[in-house]
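Work through the exercises below with the sequence and the 3D view open. Each task is followed by a solution in steps.

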Amino acid sequence: MIRLALLVFAALLVFSGSAEAAVNRTCASGTTVYEKDGVRVFEAGRSDDSWFACGPTSTRPSLLWTVSPAYGHFAVTARIGDKLVFEGDGWGEGGGENTFVGWFDARTSEVRRGELAGGVSNTPYEVTVAADGSLGLVVGFDEEASLRVGHLKLSSTPGALQRELVLATPGARVPGSLAFADGDRALTWRLQDGTTRSVPTSGEAVTCTSGTTIAEAGGARVFEVFPNRKTDRGFQADVLAACARGATKPRELGVSDVYDQQLWGALALSRAGDWTAFATGLSGLVVLDGTTGQVRFVEPRGVSFLQDVAISAAGEVVFIARESWTGGTGSFVFRVTDRASERLATPGGETVPGSLAVTGDGRATWQIKDGLAQSTPLAGEAAVTCGAGTALIDRDGLRVFELMLKGGKHTRLYVCPPGAATPVLLRTGPRRAGWEVAEFGRERGRVALYLGAETHFDDDYLVSISAAGVRAASLGQTYSWGYIRGVAVAPDGRIGVAHRRGSRWRVTLFDRGRPGRLKRERTLARPRDGVRPGTLAFSGRRLVWRSRAGASRGVRVQ
């Protein structure tokens with residue numbers, strides 16, 4: 001279906017171009033966008049945005065690129081001898097982007113253009129021209145990463161170059177070194193280590209010596225190669241392959257479409273002893289054993305994106321990844337097993353990139369961006385203690401944590417109040433459950449917390465906690481704690497709340513219910529003069545506060 005859409009796009013381009021060319025224009029028409037050494041490029045569209053060129057001997061303008069207004073882009077890329085190289089983009093309302101690269105011959109006024117292989121944001125960063133007019137280029141959507149070397153061969157069709165054939169990823173190249181070689185049968189470029197890389201313009205086969213090395217250890221090699229073959233979707237293949245020590249035939253670990261521009265680079269690479277591990281693609285994980293020269297490739301089921309990887313000197317691998325499922329998505333810490341992988345813990349928030357590690361005492365550790373250091377045993381959590389699990393809050397004696405017990409089917413949310421030695425269960429959810437927890441305040445030895453389900457369906461809760469026990473009230477799934485402007489906690493566990501939504505204020509009460517519960521929220525007052533932050537408090541049988549102007553206010557609660 002995608003391939004069909006591209007063909008339709010190209011057909012519309014040709015039709016639009018023919019219509020534009022039929023309009024009477026001269027080499028003096030339009031608005032100049034480039035003029036040098038007798039070559040003038042100008043924009044002179046009518047119904048579409050169209051760009052034309054004239055050379056020193058041109059008798060009429062030559063159409064370079066045309067696209068519907070506001071749906072495209074044009075730029076002159078380089079001047080190489082008689083060839084003026086240009087690029088043109090076109091995109092649709094529903095997304096997707098098609099980029100064409102071509103040249104205008106200043107001597108003959110001939111125009112050739114061909115389509116680049118990537119699906120979005122193709123930007124040429126370096127271009128070279130062969131004697132017959134074929135193009136070699138370094139192209140991608142980020143100059144520092146995701147680059148590729150491609151070749152657009154001269155087509156037998158007038159005005160056309162063949163669609164880009166991707167040849168390789170350039171590695172740590174020396175900018176400006178791309179050139180044709182071997183009678184224009186190869187493209188070469190220099191690397192920063194002083195060596196020269198060369199790839200035939202017909203593409204490389206998948207062999208143990210081809211492609212660009214991603215990682216190697218103990219005689220094993222993992223590499224990326226772009227053979228001249230198509231996937232089931234009709235696009236060129238991008239192959240991740242490996243050769244174990246002594247192997248003469250590579251093993252293909254994964255195949256993706258060049259069109260999707262998801263290169264098989266080494267992400268979050270980790271080394272320890274003779275072991276190497278790294279994430280690749282969106283959800284691939286490669287492990288190299290430098291002792292045996294073997295390579296293992298794992299694609300954890302359900303994982304949509306790997307964020308961090310760590311390996312120990314004994315070959316134990318952990319990773320943090322995002323999982324997606326029907327109705328939800330969330331990040332988890334995993335351990336690689338003999339079969340595949342298993343969840344160990346929730347990360348507890350946004351992690352610091354590169355902080356994941358495996359310690360010598362058999363624990364995985366990582367850092368959260370808000371400063372919390374986290375850890376979990378590689379063997380899995382075996383007991384419920386105040387030091388177990390992933391901390392969501394850990395300050396001034398209060399610890400709230402999520403816990404996945406080894407072999408269990410659930411994730412549970414616990415709290416250890418200040419001074420308590422035994423955790424108190426707050427909520428139980430499925431194995432993929434996760435919560436957002438906010439502390440609203442502390443008063444008279446009690447703490448008020450807000451609990452929100454983050455990765456699963458559940459009500460939100462307001463909780464009153466002390467060493468003597470826990471009381472909770474369900475808030476449903478539409479309650480917004482972002483409107484809360486003040487919280488007060490009574491000695492008996494009741495909670496008073498000040499809300500503001502726009503110019504409207506409410507003071508409400510969560511009264512005591514049956515053991516462990518708070519009653520449904522009840523409105524006590526609607527103060528027109530607001531509530532000053534930090535002034536809401538219980539005073540005997542009253543809930544009191546000060547207005548924004550400082551006046552004393554209150555309401556009876558019993």
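**Exercise 1.** Find the polar contacts that the side chain of S331 makes with the side chains of R322 and Q307, and describe the setting of S331 in this predicted model.

*Solution.* 
1. The S331 side chain is in polar contact with the R322 side chain at 3.0 Å.
2. A polar contact with the side chain of Q307 spans 3.2 Å.
3. S331 belongs to strand 26.
4. The relative accessible area of S331 is 17%. Buried means under 20%, so S331 is buried.
5. Leaving out residues up to four places away in sequence, S331 touches Q307, A321, R322, T346 and P347.

**Exercise 2.** Classify the ring pair F319 and F334, and state what the pair ties together.

*Solution.* 
1. A pair of aromatic rings is described by the distance of the centres and the angle of the planes.
2. There are 9 aromatic pairs in the structure. In the pair F319 and F334, the ring centres are 4.9 Å apart and the planes stand at 10 degrees.
3. Planes under 30 degrees apart count as stacked, so the pair of F319 and F334 is stacked.
4. F319 is in strand 25 (residues 317-325) and F334 in strand 26 (residues 328-336), so the pair ties together parts 15 residues apart in sequence.
5. Both F319 and F334 are buried.

**Exercise 3.** Which angle do the ring planes of F440 and Y450 make, and where do the two residues lie?

*Solution.* 
1. The F440 and Y450 planes make 55 degrees, with 6.0 Å centre to centre, and the pair is tilted.
2. F440 lies in strand 35 (residues 435-443), Y450 in strand 36 (residues 446-453), and the two are 10 residues apart.
3. Y450 has a relative accessible area of 2% and is buried.

**Exercise 4.** Which charged residues lie over the faces of W103 and Y483?

*Solution.* 
1. Over the face of W103 lies K83, 4.8 Å from the ring centre.
2. Over the face of Y483 lies R501, 4.1 Å from the ring centre.

Note on methods. Residues numbered from 1 in each chain as written. Predicted model: local features only at pLDDT ≥ 70, side-chain atom pairs only at ≥ 80, totals over all residues. Heavy atoms only, no water. Phe/Tyr/Trp six-rings, centres within 6.5 Å; stacked < 30°, edge-to-face > 60°. Helix = DSSP H or I, 4+ residues; strand = E, 2+ residues; numbered from the N terminus. Buried < 20%, exposed > 50% of the residue type's maximum accessible area, 1.4 Å probe, protein only. Lys NZ or Arg CZ within 6 Å of the ring centre and 35° of its normal. Polar contact = N/O pair within 3.5 Å; in protein donor to acceptor, adjacent residues only side chain to side chain. Contact = heavy atoms within 4.5 Å.
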